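Q: Please walk me through reading helices and a pocket from coordinates alone.

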Amino acid sequence: MTMSEPQSRLPLRQAWPDDFVARYRAAGYWRGETFPGFLRARARDIPHDLAVVGGDTRWTYAQLWADVERLAAGFLAHGLVPGDRVIVQLGNIPEFIAVACALFRAQLVPVYALPAHRITEVAHFARKAEASGYVVAERYENFDYRTLARGLQAEVPGVEHVFVAGDAQEFAALEALDGDPASLPGDPDPQSVAFLQISGGSTGLSKLIPRTHDDYIYSFRASNDLCGITRDSVYMVALPAAHNFPMSSPGFFGALYAGARVVLSPGPGPDAAFPLIARERVSCVGLVPPLALLWADAAAKTPHDLSSLEVVQVGGAKLVPEAARRVVAGLGCRLQQVFGMAEGLVNYTRLDDPDDIVLGTQGRPISPDDEVLVVDDHGHPVPDGEVGHLLTRGPYTIRGYHNDDAANARAFTDDGYYRTGDMVQRLPGGYLVVQGRATDHINRAGEKISAEEIEDHLLAHPQVFDAAVVSIPDEFLGERSCAFVIARGEPPKPAALKAWVRGRGLAAFKVPDQVVFVEAFDTTAVGKISRRELRAQLRARFLAGQTGPGHGA
Ligand code: OOB
């Protein structure tokens, strides 16, 4: 039996209990819409409106839909079978949107990898998802993804089908794909899993997040109302398109749902984005805090006209009030804070909220049916205003990861709440202020890095006896990663250890920003302490300037 026979694989499901399904439908959140359904409707109703702008491409809704049908039929003609999982690793190019939508149309299931991911991560996604296809561009940001494709096929032979935008070499060229549209299936069940998103990987390796048509479409349809997205809007994707924030909060899917125009910026910096904002009259964009500050500074000096910007959203990591003030002053438009997670729950400050809320909170949930609990270490609710663990369930928050019983046992309560790992304070009115987190990941400018995952790779180095990776506050990134290492014998050079981590086939953002050698890790009189305590202790000692001899870089 080969990997492409659907019955050989774990089924994809995301199920809410029946009474919740009934409630979410009755409330009008889940309307039975699907991705192919709404895209076809836009192509019919507003065929000549511009849908996607990126590079030299300017697609109308009719052109986008025609390309979606061609690609969808091509994927099936090539041997993929509805239900197959296909890893999509594309940058901010129009093909990203066409491919994702074509996979939906063919009832194939995209699994989104970030362009920064490398062989170790992509192979992990392919195994976990039991993927049979992989879509890349020949190059993006100076990296040749065909090399990665070869490596992936060698490691995970089930990935039989590779499609390349651009020069495909031995693989199938996306541009040349074609098939009989009559071969295409009907529209999917709205309750079925539309795609697998990648978790930030707060503990260990990234997990796969199954999102359904009904739940995801609800999240961006409702986001459109809260973010002021209408058919007249122009939404820019400046962050990597594969990330949940620019995808759905309201993201390019929200914009397409509204019949608005999506503009893909080839990079997140002002140099790439500002000329496009001026040319396309961009009205809304989502940024992470360090970028927002960079944009705010650059806006004062730019020759480009940014006056079309109405809403700048900032999320992915904490925006402190002083930084929020600078963003508002520098960009001169409405700020909207966004606190979300690929697992579901998204909070927004509202466009008409008073300044103290917009500057000082991370917003409140999208839905009246987002249930939010703030609890102490024993699971007991804390009063409003006190800091506690954030737990949530609702009409677009998953009830379980794909193919990961151990993670599910940790991450969900018996009654279906997702343990976000975030520590928050709830204010009257339901606004949340993020105060930190309970898990040991590093939030490096919105990119999440699992301490555990990197420690594992460091421990594989022959000259590493032990390692602990912690987050250190960083003026620009918010947080940076620091690896504390006890060497085995002669300490390796910090640069050599960083190169080692990179050489393990990981995204560059996971390479420790700093390596500090220490003689020993403190242990308590009783014996071993938990990794968590150890990391906290190392961070505290480092910040107090006491990590001792043998500093690295
Ligand atoms: C977004 O999604 P993920 O899955 O990459 O990361 C989720 C985590 C949250 O649990 C929280 O720890 C952190 O990122 N986070 C924030 C934040 N927004 C996200 N922490 C503080 N302040 C914020 N505003 O990052 C994401 C998904 C959808 C929309 C926006 C962000």
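A: Start with helix α17, residues 531-543. It has 13 residues and reaches 18 Å from its first C-alpha to its last, close to the 18 Å expected at 1.5 Å a residue. The expected span is 1.5 Å times one less than the number of residues. Helices (H or I, at least four residues) and strands (E, at least two) are DSSP runs, numbered from the N terminus. This is a predicted model: local features need pLDDT of at least 70 and side-chain atom pairs pLDDT 80 or more, while totals for chains, interfaces and linings use all residues. Residues are numbered from 1 along each chain as its sequence is written, and side-chain values use heavy atoms, without hydrogens or water.

Q: Which residues of α17 are buried?

A: Buried means under 20% relative accessible area, exposed over 50%, partly exposed in between (1.4 Å probe, protein chains only). In α17 the buried residues are Leu534, Arg535, Leu538, Arg541 and Phe542. Seen down the axis of α17, they fall within an arc of 130 degrees, so they line one face of the helix. The arc is taken over directions from the helix axis to the C-beta atoms.

Q: What covers the buried residues of α17?

A: Contact means heavy atoms within 4.5 Å. The cover includes α15 (451-459), β25 (464-474), β26 (478-487) and β27 (514-517). Just after α17, glycine 545 takes a positive phi of about 75 degrees.

Q: Which residues of α16 are buried?

A: Pro494, Leu497 and Val501 are the buried residues of α16. They cover an arc of only 60 degrees around the axis, which puts them on the same side of α16. Ala495 and Gly503 are exposed on the other side. The cover over the buried residues of α16 includes α15, β25, β26 and β27.

Q: Where is proline 494 found?

A: Proline 494 is in helix α16, residues 494-503. Its relative accessible area is 18%. Its C-alpha is separated by 8.6 Å from that of phenylalanine 517, 23 residues apart along the chain.

Q: What volume does the second largest pocket have?

A: Rolling a probe the size of a water molecule over the atoms shows where empty space is left. A pocket is an open set of points on a 1 Å grid over the protein atoms alone, where a 1.4 Å probe fits, with protein on both sides within 12 Å along at least five of seven lines; lining residues have an atom within 4 Å of a point. The second largest pocket has a volume of about 740 Å³. Of its 32 lining residues, the closest to the centre are Ala116, Pro240, Pro268, Glu447 and Phe509.

Notes
Grid points are joined across faces, edges and corners, and a volume is the space filled by probe spheres set on the points.
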